[in-house]
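Some labels used for protein structures rest on simple cut-offs.

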Amino acid sequence: MVSSRSHFNIKWICIFVGICCLQQEIVLGQSNTNEYWLFWTHTQKINDRFGLLLDAQTRSQQSLKQLNTLLLRSAIAYNFKDNSSFALGYAYKSDFEQKKLTGYEHRIFQQYLRDFKIKKVEVQIRGRLEQRFLTEVAT
């Protein structure tokens, strides 16, 4: 049985969430800028134990012609027998403002992947540690 006090709290929580949804531009401080994100990933099997991981990401604002961020990542992975893998890799990231390079970084990373099923749904979890080496470009 639901007490009247908990029903009262749920009612006010629903009203608050509704107001936030209606006023999201004020509450969340969102602007009218459009942001675009493109992500491409590829896994290449070398043999039963080893594989290559490759991915590329781009981020843009306002126009697809103006690139804000470019991230390129590659790794070599060792596949275990239990649907998991460990990878060592390198990534390069660069940042742009008004088509000028403003900074870049080199990253090395270690990654653990685990694949499993929950009934009919395939699930993959990932843990990644990255060591970042930042560089700012003088303007």
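What follows is a set of questions and answers on this predicted model.

Q: Why is the pair of Trp37 and Phe39 called stacked?
A: The ring centres of Trp37 and Phe39 are 5.8 Å apart, and rings pair if their centres lie within 6.5 Å. Their planes stand at 25 degrees; planes under 30 degrees apart count as stacked, so the pair is stacked.

Q: Why is Trp37 called exposed?
A: Trp37 has a relative accessible area of 57%. Exposed means over 50%, so Trp37 is exposed.

Q: What makes Phe39 count as partly exposed?
A: The relative accessibility of Phe39 is 38%.

Q: What makes the aromatic pair of Phe50 and Tyr78 edge-to-face?
A: The planes of Phe50 and Tyr78 have 70 degrees between them, with 5.4 Å centre to centre. Planes over 60 degrees apart count as edge-to-face. Phe50 is in strand E2 and Tyr78 in strand E3, 28 residues apart. Ring pairs also link Phe50, Tyr78 and Phe80 into a cluster.

Q: Why does Tyr78 count as partly exposed?
A: Its relative accessible area is 32%. Buried means under 20% and exposed over 50%, so Tyr78 is partly exposed.

Q: Which residues lie over the face of Phe109?
A: Arg73 lies over this face at 5.6 Å from the ring centre, and Arg128 at 5.2 Å. The distance cut-off is within 6 Å.

Notes: Residues are numbered from 1 along each chain as its sequence is written. This is a predicted model: local features need pLDDT of at least 70, side-chain atom pairs count only at pLDDT 80 or more; totals for chains, interfaces and linings use all residues. Side-chain values use heavy atoms; hydrogens and water are left out. Rings of Phe, Tyr and Trp (its six-membered ring) pair if their centres lie within 6.5 Å; planes under 30 degrees apart count as stacked, over 60 as edge-to-face and the rest as tilted. Buried means under 20% relative accessible area, exposed over 50%, partly exposed in between (1.4 Å probe, protein chains only). Helices (H or I, at least four residues) and strands (E, at least two) are DSSP runs, numbered from the N terminus. A charge sits over a ring if NZ of Lys or CZ of Arg is within 6 Å of the ring centre and within 35 degrees of the ring normal.
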